[in-house]
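Dear colleague,

I am handing over the structure below. My notes on what was found in it follow directly after.

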Amino acid sequence: MMPKLSLISGTLAVLLAALLGNAPGVPEWKYDLPNIVEEEKGETIQFTGGDGTTTLTGRLYHPAGRKQQTPVIVLAHGLGLSQDCSLDIFVNAFNDAGFATFTFDYTTFGASEGFPRHVINPSGQIADLHAAIDVIEKTDSLQVDTSKIGLWGTSYGGGHVLVAAASQNPSIRAVVSQVPALGSGAESVLATLMRTPHMTTVALAKTLLASMKWALLGIVGKTWYVPLHGLLGSAAMMQNEGDNEGYAALLPPGGGKYGHRNAASVGSVFRVLVHRPINSVASVVAPSLLIAAEHDTLCPVEQVVKAAEIIEGAELLVLPGLGHFDVYSGDALKEILSSTTKFLKKHLK
């Protein structure tokens with residue numbers, strides 16, 4: 001009996017090793033924080049993140065020709081993105097409208113510290129956003145009007161700014177939440193499973209394999225990564241139709257100054273699955289503009305409409321016929337920039 005058990009267990013071990021050897025994803029990569037690249041426009045600001053220890057890097061941009069302290073807009077980017085990933089369009093538009101702007105990288109991303117890299121911790125990122133607001137409020141040398149802070153967030157950052165505003169900090173005078181992720185990742189997976197059951201089942205099986213490898217590597221203090229974006233049926237966190245191309249279009253060539261990679265730690269997946277910003281929106285009292293895309297499969301319009309109904313006095317802009325990543329270009333972008341700057345001027349000027 002014992003030899004048979006040994007044979008079976010040995011066979012299972014070999015099969016498991018073979019499966020995990022083919023688990024989708026990539027291992028940790030060697031990473032040294034690069035030298036901060038100073039630019040002609042903007043000022044680098046380093047500050048302590050929400051965990052109280054990690055040094056984060058942000059950039060402050062003032063409007064041209066300013067003669068007095070101006071209101072400031074803090075920008076929070078989407079899932080896995082750093083501040084050099086297509087935020088310049090919004091920074092320039094807000095500067096042209098007379099606002100200072102502040103962008104920053106979350107812990108483990110871009111020019112900010114933190115290792116292992118590319119760990120998405122929603123509550124930690126919201127704490128980083130609070131830390132960014134705090135440094136603006138308490139640093140007189142920044143020459144901004146600290147009593148008039150606006151929050152702008154897109155996609156995953158769109159959920160973050162609403163959760164941050166729920167703190168009812170009186171300095172937060174306006175919030176713009178663009179195609180925000182408001183439901184949990186689990187809800188998103190279920191919706192994808194309903195639309196494309198076969199390929200999503202394949203994707204879940206691949207993610208399970210990656211999770212098993214991540215768990216085993218964790219025993220020896222290592223981690224494992226799955227793609228942030230990819231094709232349907234992959235282990236990528238975002239894989240609805242249009243996600244792969246739309247996300248890639250936001251990235252700087254070659255990963256940009258700080259080496260962006262298409263990877264998130266597998267542990268990020270579990271945190272994203274349970275994070276649900278819509279649970280916090282009832283506490284938002286600052287004037288809020290919510291922007292939704294009618295055919296958004298990542299951040300469904302129904303959840304944005306519901307949030308707008310919950311937040312007292314919230315304004316809602318629904319863009320017909322568009323998907324999640326369509327808001328970053330073309331006529332949709334022009335409409336968003338016009339509506340957003342008009343809203344910010346109304347509440348911050």
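Contact here means heavy atoms within 4.5 Å. Helices (H or I, at least four residues) and strands (E, at least two) are DSSP runs, numbered from the N terminus. This is a predicted model, in which local features need pLDDT of at least 70 and side-chain atom pairs count only at pLDDT 80 or more, while totals for chains, interfaces and linings use all residues. Residues are numbered from 1 along each chain as its sequence is written, and side-chain values use heavy atoms, with hydrogens and water left out.

Helices

Helix 6 (residues 197–219) meets helix 8 (residues 266–274) at an angle of about 115°, and their axes are 9 Å apart. For these values, axes are lines fitted to C-alpha atoms, for helices over the stretch in contact, and angles run from 0 to 180 degrees between N-to-C directions. On the helix 6 side the contact is made by Ala210, Ser211 and Trp214, and on the helix 8 side by Val266, Gly267 and Phe270. By class, this contact has 4 nonpolar, 2 polar and no charged residues. In that scheme Ala, Val, Leu, Ile, Met, Phe, Trp, Tyr, Cys and Pro count as nonpolar, Asp, Glu, Lys and Arg as charged, and the others, Gly among them, as polar.

Helix 4 (residues 156–165) is largely enclosed by the rest of the structure, because 10 of its 10 residues are buried. Buried means under 20% relative accessible area, exposed over 50%, and partly exposed in between (1.4 Å probe, protein chains only). The buried residues of helix 4 include Tyr156, His160 and Leu162. They pack against strand 4 (70–76), helix 3 (122–138), strand 6 (144–154), strand 7 (172–178) and helix 8.

Cores

A nonpolar core is a set of buried Ala, Val, Leu, Ile, Met, Phe, Trp, Tyr and Cys residues joined through side-chain atoms within 4.5 Å. The largest one has 84 residues, of which Val74, Phe94, Phe102, Ile136, Leu151 and Leu344 touch the most other members. Leaving out residues up to four places away in sequence, Phe102 touches, among others, Ile45, Phe47, Leu60, Val74, Val135 and Ile136. There is also a second, separate core of 6 residues, with Ala210, Trp224, Val266 and Val269 among them.

Pockets and cavities

Both are found on a 1 Å grid over the protein atoms alone: a cavity is a set of points where a 1.4 Å probe fits but cannot get out, a pocket is an open set with protein on both sides within 12 Å along at least five of seven lines, and lining residues have an atom within 4 Å of a point. Grid points are joined across faces, edges and corners, and a volume is the space filled by probe spheres set on the points.

The largest pocket holds about 790 Å³ of space. Its lining has 38 residues, and Gly185, Ser188, Val189, Met237 and Leu273 lie nearest its centre. Helix 5 (185–195), helix 6 and helix 8 each supply at least two residues of this lining, and helix 5 gives the most, with 7 residues. By class, the lining divides into 20 nonpolar, 14 polar and 4 charged residues.

The second largest pocket has about 310 Å³ of space. Of the 21 residues that line this pocket, Glu39, Tyr61, Gln83, Asp84 and Lys257 lie nearest its centre. Strand 3 (55–61) and helix 2 (88–96) are the elements that give two or more residues to the lining, which has 8 nonpolar, 7 polar and 6 charged residues.

The count of cavities of 30 Å³ or more is 2. The largest cavity has a volume of about 70 Å³, and its lining includes Trp29, Tyr31, Asp84, Phe109, Arg117 and His118. The second largest cavity has about 50 Å³ of space. Its lining has 8 nonpolar, 3 polar and no charged residues, among them Leu79, Met238, His324 and Phe325.

Two loop residues

Ala166 lies in the loop between helix 4 and strand 7. Its relative accessibility is 18%, so Ala166 counts as buried. Apart from neighbours within four places in sequence, Ala166 is in contact with Ser280, Ser283 and Val284.

Ser112 lies in the loop between strand 5 (100–104) and helix 3. Its relative accessibility is 0%, so Ser112 also counts as buried. Ser112 and Phe99 are 13 residues apart in sequence and 24 Å apart in space, C-alpha to C-alpha.

Regards
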